[in-house]
Amino acid sequence: MEKYARFRLLLWLLLVTLALTGCSSSDDDVSDGHPDGDAFTDGDDSPDGDDDPPADGDTDGDGETEADSDTDGDFDMEPEENPDGLPDALAIAYSREDPDEPVSDAEIQAFTRKIMAFLKRIHYFDFVLYTTHGVDASTGMRDWQFWYNEHFRKDGDLVTFYHPENLNDGGHNLHIPTSRLLGNLLAASLITEDDTATLAAVQLCKGVSASMLGMVHDENDTLLHLMTRNVVPALNHEFTTHDGKRKAVDYSGWFSPYSRWNCYRYKIEENPYWGEMWVTNLRSKDDVPHIFRLIPNLRYAVSRSENEDLKDFCGETLDLLEAFAKDIVDSDFRIRTKDENGDIMIPGYTDDEDLNDLQGDLASFIDYREWIPEGECNARRGAELIGYHEATIEDCGRGEPNAYDIASFNINRYNKRICRYFHLAHVANALVNRDDTAAAELMDGLEERMDMEKSTTEDEMRYEPDDWYRNLALYYTQSYSFGYPLLSEEVRAIHHYYEKAVDEYDAWPYFDPWAENVPEGDLGAYHPGNCRTEDDVQSCWWRIEDMGQIFEGCWSPFVNPTSARWVDCDIVRDPSKWEED
C-alpha cells in the first residue's frame, strides 16, 4: 500500500469538497494547545504543554472589519546599517484603513497602568523564577530552568515542585509556553534592564539549551542541537531560590519509559552534562513555529544586551537553535531526533512502514508538497532564514492560507495554530534578515489570514467562541510586534482579554507559594487557569505565561507607525510609573 494512502485519499476528498464550495466554508483560525500529531490525523484532544489543565481551553481574539492593504508604498530597501546588521526600524510600508473610533490616549494609559501595576504587585519576574525548574547550580552541574506545568506542595518553609506519576504522557509541547515567555522576558530585560527579568531570561535560555543538550547520548555524541520534547534529570534536589527561599524539585513521576506513536521516553545513562537524564524525544513540529518566532528576540538580546550572562548563555541558545533550523533544511525539511541508543531517526521515515504510516508528517514540512506545493512553505522558508540567514530554495509569495491550511484544520483543529504561527515566524525572520520584499508580500497574506479568522463563524471554529477570540487577540499583539498594523477594534479585543486576566488573576493566591497566607499541603497546579465554564458557556482570558507580552510590544523595532496604538510604552519603560492612578 502506498505510504499515507488513506491520508492522501482523505485530503483529495477534502480538496474536491473545498473546490466545489469555493473554499469558503472553512477559514484559517487559531487554537493554542495542539496535542502534536499528523496534520491529517485527529490526535489527542487534550494538549499538553501549551494549555493549562484540560478543563481550560485556548483560543483567540475578536473582531470583524474590512481593511484596505497597501503593499505599493515606498520601501526602504537599504536601511541604515548597524554594527550588528540588525534593522532598527520597519523597512516596509504597509497600512490598513481603520473605520472605527481610535481608543483614546486616556484609555490606553489606564490600560497600561493596570497591566503594569498587576505585574509589579505579583512580582511577575520572581513568579517565573519560583515556578520554573530544572537543575540548580548548587548541584555543581550546569544550571537551567524550564516552564513545566506540574504540581506543588508546601511543607513549612519548603515548597516542592513535583511531577505526578505519568506512565505514558507528560509535557509534550512545553516549548510553546517556554518560547513565548522567554521572548517576553528578553524584551523586558532590554527595555527595563530589570535584574530579575534578566535572570529569568538567562535561566530559560539555559533551559531551552538543556532541551537539546539533554539528549546528547554520551561523550562520543557530538550532535548537540537536536531538540527533545522535554528532558528531566534523574536528580531530585533541594536548594534556595534567587531570593533565599527553600525550594525542591521532584521528577520521580517521569522516571519511567514508554512508547507512543508520537514520542518515546527513555533514560540516558551518561549524558556528558547531567549524567542520568530522562528524555522524551520526537520533537514534532507543533512547537517549532513558536520557537522560530523567538529567534529575532534572541538575536537582538544577544547583540544588544549589556548583561554578559545573557549574551553568553542566550548566545549559546541562539547558536543551537540556528543549528537546529539548519539541520531541518539540510534534512529536506524534516526534524531529526535520536532513539534510546543515540541513533539518528526521522519520524515517518524509518524502515518500518507501519510505523511510518502511523507517524505521518509529525516531524516533516514536506509530506504533502507534491500535492500542495505551497503547503507549509512558511515553515520551510522560515527554517532557511533562521539556519542560513537567507532563503534560496523557494518563494512563498504572500504565505496566505491555502488548501493545506484549510484541509488540515478541518481534519485536526490544532493545525490552525501551527499554520498561523509559521506564517508570523516567517514574517518576523524575513524582517530581521532584511528580506523586505518577501516580508511585504507576507504581510499582505497575514492580513488575509486575519480576516479569515475573524470572519469564522462559531459553527466553524471547533473551539468555544471565547477561547477562539482570546487566542486571536493574542495573535494581534504578537503580529503587532512584527510590523502588522492593528485596527482600533483589534486594540479593544486586546484590552478586553488582557484586563480580564488581571481581574481573574488578582484572586489567585499562589504567586508567592511561600507567603504566609498559602496553606500547607498539596496545592495542585501551580499555574492559574485561563478559562472557566458556567452554565455551559466558556469564558477565557490571557494565559499567565503571556502576561509579559506588553514588553515585546514596546521593545520591538518593527512596530508599524500606521498601527492603532494599544499600549503606552513610556509607562512600560519606566518602572516608577507602574502604578494605577
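Does Cys 554 count as buried or exposed, and at what relative accessibility? At 3% relative accessibility, Cys 554 counts as buried. Buried means under 20% relative accessible area, exposed over 50%, and partly exposed in between (1.4 Å probe, protein chains only).

The model is predicted: local features need pLDDT of at least 70, side-chain atom pairs count only at pLDDT 80 or more, and totals for chains, interfaces and linings use all residues. Residues are numbered from 1 along each chain as its sequence is written, and side-chain values use heavy atoms, with hydrogens and water left out.

**View 1. The whole chain.** The chain holds 17 helices and 15 strands. Helices (H or I, at least four residues) and strands (E, at least two) are DSSP runs, numbered from the N terminus. Of the 581 residues, 64% are buried. Among contacts with a separation of 6 or more, 77% come from residues 24 or more positions apart. A contact means heavy atoms within 4.5 Å.

**View 2. An open sheet of five strands.** The order is β6-β7-β4-β3-β13, and the pairing is mixed. The edges belong to β6 (237-240) and β13 (521-525); each has a single partner strand, so one side of each is left without a neighbour in the sheet. From one strand to the next, the twist averages 25°. Axes here are lines fitted to C-alpha atoms, for helices over the stretch in contact, and angles run from 0 to 180 degrees between N-to-C directions. β6 pairs with β7 (residues 246-250) in the antiparallel sense, over four bridges. Two strands pair if DSSP finds at least two bridges between them. Within this pairing, Glu 238 has Ala 248 of β7 as its bridge partner.

**View 3. Helix α4.** This helix covers residues 175-192. At 1.5 Å a residue, its 18 residues should span 26 Å; the end C-alpha atoms are 25 Å apart, which agrees. The expected span is 1.5 Å times one less than the number of residues. Of the 18 residues in α4, 17 are buried. Glu 193 follows the helix with a positive phi, near 55°.

**View 4. The hairpin of β14 and β15.** Strands β14 (residues 531-534) and β15 (residues 537-540) pair in the antiparallel sense over four bridges. Glu 534 has Val 537 as its bridge partner. Two residues lie between the strands, and Asp 535 takes a positive phi near 55°. A disulfide joins Cys 531 to Cys 540, S to S 2.0 Å. A disulfide is a pair of cysteine sulfur atoms within 2.5 Å. The torsion about this S-S bond is about 105°, so the disulfide is right-handed. Both Cys 531 and Cys 540 are buried.

**View 5. Two further disulfides.** The chain has four disulfides by this rule. One of them joins Cys 377 to Cys 396, S to S 1.9 Å. Its torsion is about -90°, so the link is left-handed. Cys 377 lies in helix α9 (residues 377-388) and Cys 396 in the loop between α9 and α10 (403-411), so the pair ties together parts 19 residues apart in sequence. Another disulfide joins Cys 554 to Cys 569, S to S 2.2 Å. With -85° about the S-S bond, this link is left-handed. Cys 554 sits in helix α16 (residues 549-555) and Cys 569 in helix α17 (residues 569-572).
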